[in-house]
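Try each task before reading the solution below it.

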Amino acid sequence: MIDKIYMKISMKINRREFIQASAMTFVAAGLLKAQRTKVPVLLSSMTLEEKVGQMIQANSASLKDPSDVENYFLGSVLSGGSSDPKTGNGLIDWTDHYDNLQSRTQKTRLRIPLLYGIDAVHGHSNVLGATIFPHNIGLGCSRNPRLVERAARITAIETRATGINWTFAPCVTVPRDERWGRSYEGFGETPELARLMGEAAVRGYQGHDLSNPSSLLACAKHWIGDGATKYGTGRKLKPNLQILDRGDVILSESELRRLHMAGYVGAIKAGVGTIMPSYSSWNGVKCSGSKRLLTEILKNELKFDGFLISDYDAIDEMPGDYKTQIETSVNAGMDMFMVSAKYRELYSLLLELVRENRVAVSRIDDAVTRILRVKFAMGLMDGRSNLADRKLHSSFGSTAHRQVARECVRETLVLLKNNKRILPVSKKLSIHVAGRSADDIGNQCGGWTISWQGKSGAQTTGGTTILEAIKSTVSPQTMITYSKDGSNAGGDLGIVVIGETPYAEWMGDRQSLELSEEDIAVVDKMKQAGMPLLVVLISGRPLIIDKVIDKADAFVAAWLPGTEGRGVTDVLFGDYRFTGKLSFSWPRSMDQIPINTGDPNYNPLFKYGYGLT
């Protein structure tokens with residue numbers, strides 16, 4: 001029922017609703033109060049150099065010297081994908097790293113603290129031992145915003161345990177082409193899911209009060225239409241690798257609003273403090289340089305009072321030399337620039353642009369006002385210590401947190417087929433388990449896990465694989481055997497766990513979504529053993545399963561469940577029911593891609609919203 005309500009709402013998005021939502025939002029977040037009182041006083045005391053420094057976010061791994069934090073008055077630092085502390089990748093390493101950089105701001109004249117950003121997109125997933133939740137594609141199948149909010153709240157607590165105070169999440173994209181390697185970062189192919197779940201995630205990250213020490217600044221991304229680029233319009237990383245999120249969104253403004261703005265309505269309503277423009281273009285103009293998108297619609301019409309942060313080196317892809325790119329983007333409305341190695345250059349060039357009257361001082365003041373407004377609302381400027389609260393370490397990766405992640409897994413699973421009623425599985429059957437993802441925590445978690453692209457491997461991080469979960473679920477007398485390729489299979493039931501290996505943006509873009517030959521072979525071998533066969537698919541998007549679906553007696557889409565494999569077996573063995581419903585349409589073949597509900601001649605293998613109980 002709630003899906004139908006939100007569908008009706010999303011189809012009626014208008015300017016009045018945007019304005020009403022944003023007005024409520026920033027009063028609740030404390031941003032307007034900060035703007036009217038303390039921010040103007042501080043701004044008036046700042047030099048141009050101090051203001052420009054606040055507009056720069058440098059990658060910590062690319063800092064030429066840690067003292068650049070204070071020498072360039074940096075407003076923010078991030079750890080980009082795979083940018084780990086030099087000392088290691090554990091909880092203490094990250095906490096010490098944050099404290100060391102944050103303490104440097106106290107050496108500046110005004111002592112303005114850093115915002116430290118990271119991609120905590122499904123848990124504090126850069127850190128060993130963190131609780132890793134299912135990726136958004138699975139959470140969208142739950143249709144449970146309260147559960148999404150709880151997952152985001154735990155992510156906030158575990159992230160703040162390391163001191164880090166800003167996550168580049170939630171992704172409220174509406175993926176419209178399954179070939180896109182970021183499809184799993186979206187909650188689903190419809191605007192109502194982006195809105196419903198995105199709003200819940202922002203509430204979870206930021207809590208009811210941004211100044212609470214356990215609150216985590218959220219960032220809705222990627223403004224706007226990143227999931228709808230036309231295949232073939234993006235830059236090619238390699239001859240056979242199309243980068244879809246660098247492509248062009250060819251839609252009218254009314255279609256852009258109808259399909260891709262709903263998630264931002266929900267995020268703004270929930271009080272999101274930052275928004276990240278997309279790498280992509282809209283009708284030939286890069287979003288990072290579009291005054292129509294950044295200023296006229298987002299800031300003026302929607303009344304968004306937080307600040308805009310560019311994506312990683314995104315302005316480099318705009319026309320012109322670096323100085324022109326900076327000029328275009330800042331004048332379009334960009335407030336803070338995420339840069340890797342060129343932060344010193346950006347600092348110097350932006351100062352030059354102001355002194356040459358190519359960027360107005362008023363535009364700089366607007367950007368810095370927005371940044372300071374958020375910092376005040378977060379309580380960073382109230383004189384308290386901004387170092388990490390190490391008392392939060394005790395709950396990091398805790399049993400209680402993992403229990404919520406396990407609950408998330410249970411609600412994300414979608415049952416696509418159950419012939420012969422072999423599900424739920426009896427705990428007394430002898431079972432042979434096979435497939436490369438059955439005993440691989442890295443494959444379960446997918447991309448953005450410990451490293452940028454993620455990686456296969458049982459030791460990627462702490463957690464429970466599906467094989468381990470099966471062994472701990474069945475009766476003590478039950479025989480469980482395992483072979484990766486299905487060799488020597490025998491018993492009452494075969495369970496084969498197949499699917500994609502980890503990937504993230506760029507490397508995850510695909511021309512074909514066919515299953516690998518290895519996965520098809522293991523299903524064939526298990527089928528030849530003569531047992532009833534249950535196939536569990538680990539993937540970040542619907543795949544072409546025509547070569548295996550008829551061989552399976554039961555088929556489960558498990559998406560990218562994260563570290564808690566027991567959530568999978570909770571449902572397979574009947575302790576909980578299947579409740580998940582597809583957040584994407586499931587194509588029959590590559591000829592149908594892209595496919596979305598509402599398309600003419602819509603005839604997928606499984607429709608959007610499908611799911612057996």
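This is a predicted model: local features need pLDDT of at least 70, side-chain atom pairs count only at pLDDT 80 or more; totals for chains, interfaces and linings use all residues.

**Exercise 1. Which residues other than glycine have a positive phi, S82 and I450 being the ones to check, and is each buried, partly exposed or exposed?**

Step 1: start with S82, whose phi is positive at about 70° although the residue is not a glycine. S82 sits in the loop between β2 (76–79) and α7 (91–103).

Step 2: look at its accessibility. Buried requires under 20% relative accessible area and exposed requires over 50%. S82 has 40% relative accessibility, so S82 counts as partly exposed.

Step 3: turn to I450, again not a glycine, with a positive phi of about 65°. Its place is the loop between α18 (441–445) and α19 (466–473). With 7% relative accessibility, I450 counts as buried.

**Exercise 2. Find the cis peptide bonds at A169 and P170 and at K221 and H222, and place each in the fold.**

Step 1: the bond that joins A169 and P170 is cis, with omega about 10°. P170 belongs to the loop between β4 (166–167) and α10 (191–206).

Step 2: the bond from K221 to H222 is also cis, with omega near -5°. H222 is part of strand β5 (residues 219–223).

**Exercise 3. What is the strand order of the open sheet of three strands, and how does helix α12 lie across β5 and β9?**

Step 1: read off the order, which is β5-β9-β12, with parallel pairing. The edge strands are β5 and β12 (307–308), since each pairs on one side only.

Step 2: check one pairing in detail. Strand β9 (residues 274–277) and β12 pair in the parallel sense over two bridges, and T274 stands opposite F307 in β12.

Step 3: Helix α12 (residues 262–269) lies across β5 and β9 and runs at about 160° to β5.

**Exercise 4. How do the axes of helices α14 and α15 cross?**

Step 1: two packed helices are described by the angle between their axes and the distance between the axes.

Step 2: for helix α14 (residues 322–332) and helix α15 (residues 343–355), the axes come within 10 Å and cross at roughly 65°. Therefore α14 is roughly perpendicular to α15.

Step 3: list the contact residues. From α14 they are Y322, K323, I326, E327 and V330, and from α15 they are E345, L346, L349, L350, E352 and L353. As for handedness, α14 passes α15 in a right-handed crossing.

**Exercise 5. Which members of the largest nonpolar core touch the most other members, and what is L423 in contact with?**

Step 1: this core has 184 residues, and W223, I275, L423, L534 and I545 touch the most other members.

Step 2: follow L423. Apart from its neighbours within four places in sequence, L423 is in contact with L415, N418, L534, A554, V556, L572 and F578.

**Exercise 6. Is H97 buried or exposed, and what is H97 in contact with?**

Step 1: locate H97 in helix α7. With a relative accessible area of 18%, H97 is buried.

Step 2: collect its contacts. Neighbours within four places in sequence aside, H97 is in contact with S60, S79, P85 and Y116.

Step 3: compare sequence with space. H97 and T162 are 65 residues apart in sequence and 8.7 Å apart in space, C-alpha to C-alpha.

Notes: Residues are numbered from 1 along each chain as its sequence is written. Side-chain values use heavy atoms; hydrogens and water are left out. Helices (H or I, at least four residues) and strands (E, at least two) are DSSP runs, numbered from the N terminus. Buried means under 20% relative accessible area, exposed over 50%, partly exposed in between (1.4 Å probe, protein chains only). A nonpolar core is a set of buried Ala, Val, Leu, Ile, Met, Phe, Trp, Tyr and Cys residues joined through side-chain atoms within 4.5 Å. Contact means heavy atoms within 4.5 Å. Two strands pair if DSSP finds at least two bridges between them. Axes are lines fitted to C-alpha atoms, for helices over the stretch in contact, and angles run from 0 to 180 degrees between N-to-C directions. Angles under 35 degrees count as roughly parallel, over 145 as roughly antiparallel, 65 to 115 as roughly perpendicular and the rest as oblique. A crossing is left-handed if the near helix is turned anticlockwise from the far one by less than a right angle, and right-handed if clockwise.
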